[in-house]
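Colleague: I would like to learn how to read a protein model feature by feature. Please give the general idea before each case.

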Amino acid sequence: MGFRCWLAGYDTGYIACWENGWNEYNRILGPSRAKRAVTELACWVRAVRSSASRKIEYYPFGCSGFCPDECMAISLIAASQNHRCPAMQACALALTGSDLVDPVIDAANAFADALQEADQCLSQEAVAALVAGKASGREGGIAGRR
C-alpha cells in the first residue's frame, strides 16, 4: 500500500496520498517503527522513479488488488528479505525498464530491512500467489509477523 501511496503523492503533489500511507504504516507498526519504514519507503520510491525509463503504474488507494507493477515491487522487496540476489536484479529491471537498477536495489534492501526489523516479512509463497492472481492483497495476505 505504501508504494502506491508514495507514487501517487509524487505524481499528484497531494499530501493526502502520503498521509494515507503514513496512517496505514502507523496503524500496523506503531509510530516509532513506522517512522523508519516510511523513511526507507520514500527513499526506495524516489530511486524507482528516478531510475525508471517508463511510468510506473499503480492502483488507487483503497483498491483491494495490486497491478503488475505493484506485484513486481512487492516481489523485489520479498526477494531482498529472502536474499535472492538474481531475483532482485530481475525484478528491478522489470519494474523500471532500465539498466540503472543499483540505486533501486540498494534502496529496496534498506526498505526490506526496515520492514523485517518491524517484524513484517514477505512470504515467498504469498508473493507467488499474489503474482499468480490468487491473493487479494489484504492485510495478512502478504506480510506476516515473525
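Modeller: Start with a cut-off: a residue counts as buried under 20% relative accessible area, as exposed over 50%, and as partly exposed in between. Keep in mind that this is a predicted model.

Colleague: Is His83 buried or exposed by that rule?

Modeller: His83 has a relative accessibility of 64%, so it counts as exposed. It sits in the loop between helix 4 and helix 5.

Colleague: And what about the backbone angle phi of His83?

Modeller: The general idea is that most residues other than glycine have a negative phi. His83 is not a glycine, yet its phi is positive, near 55°. Asp119 is another non-glycine residue with a positive phi, of about 60°. Asp119 belongs to the loop between helix 6 and strand 1. Its relative accessible area is 31%, so Asp119 is partly exposed.

Colleague: Which residue follows helix 1, and what is its phi?

Modeller: Gly13 follows helix 1, and its phi is positive, near 80°.

Colleague: How many helices and strands does the protein have?

Modeller: There are 7 helices and 2 strands. Along the sequence they give the pattern α-α-α-α-α-α-β-α-β. The protein has 146 residues, of which 45% count as buried.

Colleague: How do I read a nonpolar core?

Modeller: In soluble globular proteins, nonpolar side chains tend to be buried together. Here the largest nonpolar core has 44 residues, and those with the most contacts inside it are Phe3, Tyr25, Trp44, Leu76 and Ile77. Two or more core residues come from each of helix 1 (2-12), helix 2 (15-29), helix 3 (31-51), helix 4 (68-81), helix 5 (85-96), helix 6 (102-117) and helix 7 (124-131). Helix 3 gives the largest share, 9 residues.

Colleague: Which residues is Ile77 in contact with, leaving aside its neighbours within four places in sequence?

Modeller: They are Trp44, Ala108, Phe111, Ala112, Leu115 and Leu122.

Colleague: How do I describe two packed helices?

Modeller: Two packed helices are described by the angle between their axes and the distance between the axes. For helix 4 and helix 6, the axes come within 9 Å and cross at roughly 70°. These two helices are therefore roughly perpendicular to each other. On the helix 4 side the contact uses Leu76, Ile77, Ser80 and Gln81, and on the helix 6 side it uses Val104, Ala108, Asn109, Phe111, Ala112, Leu115 and Gln116. Sorted by class, this contact has 7 nonpolar, 4 polar and no charged residues.

Colleague: At what angle do the axes of helix 1 and helix 3 cross?

Modeller: The axes of helix 1 and helix 3 cross at roughly 60° and come within 10 Å. That angle makes helix 1 oblique to helix 3. The crossing of helix 1 with helix 3 is right-handed. Helix 1 contributes Gly2, Phe3, Trp6, Leu7, Tyr10 and Asp11 to the contact, while helix 3 contributes Val38, Leu41, Ala42, Trp44, Val45, Arg46, Val48 and Arg49. The contact between helix 1 and helix 3 has 10 nonpolar, 1 polar and 3 charged residues.

Colleague: How many of the residues of helix 1 are buried?

Modeller: Helix 1 is mostly covered, with 8 of its 11 residues buried. The buried ones are Gly2, Phe3, Arg4, Cys5, Trp6, Leu7, Ala8 and Gly9. Their cover includes helix 2, helix 3, helix 4 and helix 5.

Colleague: What share of the contacts joins residues 24 or more positions apart?

Modeller: Among contacts in the protein with a separation of 6 or more, such pairs account for 66%. Distances between C-alpha atoms can also be read against sequence separation. Ala34 and Ala114 are 80 residues apart in sequence, with 9.0 Å from C-alpha to C-alpha.

Colleague: Where does Ala34 lie, and is it buried or exposed?

Modeller: Ala34 lies in helix 3, and its relative accessibility of 0% means that it counts as buried. Neighbours within four places in sequence aside, Ala34 is in contact with Trp22, Tyr25, Asn26 and Leu29.

Colleague: Please give one more case.

Modeller: Take Met72, which lies in helix 4. At 25% relative accessibility, Met72 counts as partly exposed. Not counting residues up to four places away in sequence, Met72 touches Cys91, Ala94 and Leu95. The C-alpha atoms of Met72 and Thr96 are 9.8 Å apart, and the two residues are 24 residues apart along the chain.

Technical notes
Residues are numbered from 1 along each chain as its sequence is written. Side-chain values use heavy atoms; hydrogens and water are left out. A nonpolar core is a set of buried Ala, Val, Leu, Ile, Met, Phe, Trp, Tyr and Cys residues joined through side-chain atoms within 4.5 Å. Buried means under 20% relative accessible area, exposed over 50%, partly exposed in between (1.4 Å probe, protein chains only). Helices (H or I, at least four residues) and strands (E, at least two) are DSSP runs, numbered from the N terminus. Contact means heavy atoms within 4.5 Å. Axes are lines fitted to C-alpha atoms, for helices over the stretch in contact, and angles run from 0 to 180 degrees between N-to-C directions. Angles under 35 degrees count as roughly parallel, over 145 as roughly antiparallel, 65 to 115 as roughly perpendicular and the rest as oblique. A crossing is left-handed if the near helix is turned anticlockwise from the far one by less than a right angle, and right-handed if clockwise. Ala, Val, Leu, Ile, Met, Phe, Trp, Tyr, Cys and Pro count as nonpolar, Asp, Glu, Lys and Arg as charged, and the others, Gly among them, as polar.
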